[in-house]
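Subject: A structure for you to explore

Hi there,

Here is the structure I promised to send you. Have a look at it first, and then read my notes below with the model open beside you.

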Amino acid sequence: MDWIAVGLKEDVPPGFVIPSRIADTELAVWCSPSGTYHAWSDRCPHRGMRLSHGFVRGETLACIYHGWQYNEAGSCHYIPAHPKLTPPDTICVPTYRCIEAGGVIWVSLTETDTPLPALGGRRTVRSLPVSMSAPDLAAHFGAAGFTTIAVVSDHDVLLAVQPCTDGECMIHALAAPDADRSAVSHWLEDLRATLERVPA
Amino acid sequence: MILYDYVLSASCYKVRLMAALLGTPLTLRAVNFHPGREHKSPEMLALNPKGTLPILTDGDTVLTDSADILRHLTADHPEWRSTDDDRWLAFASALNASLGLARLHDVIGYDADIDKARAAGVAALRTLEAHLTEQRFDGLIFLTGSKPTIADIACFPNIALAPDGGVSLDPYPSVRLWMRAIRSLPGFIEMPGIHRLHELAHPV
């Protein structure tokens with residue numbers, strides 16, 4: 001699978017964790033205090049709590065339920081109820097490839113040699129949900145895929161599309177660096193209204 | 001001041017939260033809203049013929065609208081007011097019929113057209129997200145500016161409790177950052193379904 005945008009850098013500052021997803025794979029996306037982005041399976045191996053409900057402490061992500069802390073490799077390194085225990089290596093969270101580039105947080109669920117999508121010097125504007133599937137949205141623009149879709153428009157908009165469910169996707173929008181972001185935001189609202197009126 | 005209160009009510013929480021942020025003491029009088037329907041009892045109807053909560057009494061003054069109560073609590077706190085508050089107070093009241101109704105349907109079995117309530121809730125969240133995103137373009141985090149006002153406190157409970165009514169907050173990054181800013185305010189208090197920021201409770 002290609003790189004998929006799961007959020008914008010400015011929406012996930014250092015010390016933040018957010019829930020996200022790529023189709024059926026639920027993700028906890030978090031940024032360490034030093035600014036490194038991570039995308040993990042959104043389940044604590046202990047009791048299955050969503051790690052996106054958790055919190056960043058130092059360079060670890062902690063589960064809200066029992067406070068188990070996972071280091072940046074996804075390995076459990078501290079269990080508060082057993083402070084002297086060195087947790088075994090088997091307690092670890094499935095991790096995915098995650099890179100921030102051009103203000104966009106990109107995730108690949110599989111190992112990949114595919115280069116990150118080119119953004120053409122555009123800057124990020126905002127993310128917004130659209131009630132249609134990612135393939136349907138790509139088809140609307142006649143695009144072969146939905147990783148990024150360049151839209152002919154006044155603002156030179158580029159859409160990075162995140163498949164969420166059969167009826168929902170997120171679009172992460174970028175535009176020309178000198179574009180008025182409020183104007184682009186309004187344009188995106190209009191685009192969404194148009195897209196959602198398209199019969200399935 | 002006495003607040004006739006129900007712990008699971010989003011509108012009662014607005015009042016408790018505002019008072020906590022101001023450091024204003026409230027005397028709480030718990031009302032058995034569910035399952036007791038005490039808010040419809042003769043004693044409560046004598047106080048508030050509408051039969052709703054919250055009710056705030058301050059001497060001879062009786063207030064039964066949460067927006068009016070927020071204005072009353074902040075009458076001597078101009079830092080919590082903005083000329084832009086009124087339209088967001090109206091927006092907050094309207095949330096009772098969308099996200100608020102969906103939550104009461106799911107949590108305590110209110111009769112509702114749940115699909116319609118959730119769809120109206122999503123529309124409201126989109127409106128809020130668009131506004132907060134534009135605020136962020138100007139470097140502002142709150143609804144009316146760089147500081148919170150009664151507008152933020154009025155909108156916060158029903159928005160933050162949306163998942164209780166089956167409406168996800170996941171796709172709204174600006175709403176998430178705004179909620180975090182409110183939860184970070186000195187004096188912030190919780191209610192069931194809205195927890196404090198754990199990372200602030202026990203800093204490293």
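Let's begin in chain B, where two helices meet. On the side of H1(B), the residues involved are B:Ala10, B:Tyr13, B:Lys14, B:Leu17 and B:Met18. They meet B:Ile150, B:Ile153, B:Ala154, B:Pro157 and B:Asn158 in H7(B). Sorted by class, the residues of this contact are 8 nonpolar, 1 polar and 1 charged. Please keep in mind as you read that this is a predicted model.

How do the two helices lie relative to each other? The axes of H1(B) and H7(B), the helix of residues 150-160, come within 8 Å and cross at roughly 140°. Angles over 145 degrees would count as roughly antiparallel, so H1(B) and H7(B) are oblique to each other. The crossing of H1(B) past H7(B) is right-handed.

Now take a step back to chain B as a whole. Chain B is divided into domain 1, residues 2-73, and domain 2, residues 79-183. Their centres, taken over C-alpha atoms, are separated by 21 Å. The contact between these domains takes 11 residues from domain 1 of chain B and 11 residues from domain 2 of chain B. Which helices supply at least two residues each of the side of domain 1 that touches domain 2 in chain B? They are helix H1 (10-22) and helix H3 (66-73) of chain B. H1(B) gives the most to that side, with 5 residues. By class, this side of domain 1 of chain B has 7 nonpolar, 2 polar and 2 charged residues.

Chain A is divided into two domains as well: domain 1 covers 4-108 and domain 2 covers 123-197. Here the C-alpha centres of the domains lie 27 Å apart. In chain A, 12 residues of domain 1 are in contact with 9 residues of domain 2. On the domain 1 side of this contact, strand S1 (4-8) and strand S2 (17-22) of chain A are the elements that give two or more residues. The largest share of that side, 5 residues, comes from S1(A). The side of domain 1 of chain A that touches domain 2 of chain A has 7 nonpolar, 2 polar and 3 charged residues.

Next, look for a sheet in chain A. Its 4 strands form an open sheet in the order S11-S14-S13-S12, with antiparallel pairing. Which strands stand at the edges? Strand S11 (123-130) and strand S12 (149-150) of chain A do, each with a single partner strand, so one side of each is left without a neighbour in the sheet. As background, strands of a sheet pair through backbone hydrogen bonds, either parallel or antiparallel. S11(A) pairs with strand S14 (residues 168-175) of chain A in the antiparallel sense over 7 bridges. To find one of these pairings on screen, pick A:Arg123, whose bridge partner in S14(A) is A:Ala175.

Finally, how do the chains touch? In the contact between them, 12 residues of chain B meet 17 residues of chain A. Helix H6 (114-137), helix H8 (173-183) and helix H9 (198-201) of chain B each supply at least two residues of the chain B side. H6(B) provides the largest share of that side, 4 residues. The side of chain B that touches chain A divides into 6 nonpolar, 2 polar and 4 charged residues.

Enjoy exploring, and write back with any questions!

Best wishes

Definitions and conventions:
Residues numbered from 1 in each chain as written. Chains lettered and ligands numbered in written order. Predicted model: local features only at pLDDT ≥ 70, side-chain atom pairs only at ≥ 80, totals over all residues. Pairing = 2+ DSSP bridges. Domains from an automatic or database assignment. Contact = placed C-beta atoms within 7 Å. Nonpolar A, V, L, I, M, F, W, Y, C, P; charged D, E, K, R; others polar. Axes fitted to C-alpha atoms, helices over the stretch in contact; angles between N-to-C directions. Parallel < 35°, antiparallel > 145°, perpendicular 65-115°, else oblique. Left-handed = near helix turned anticlockwise from the far one by under 90°.
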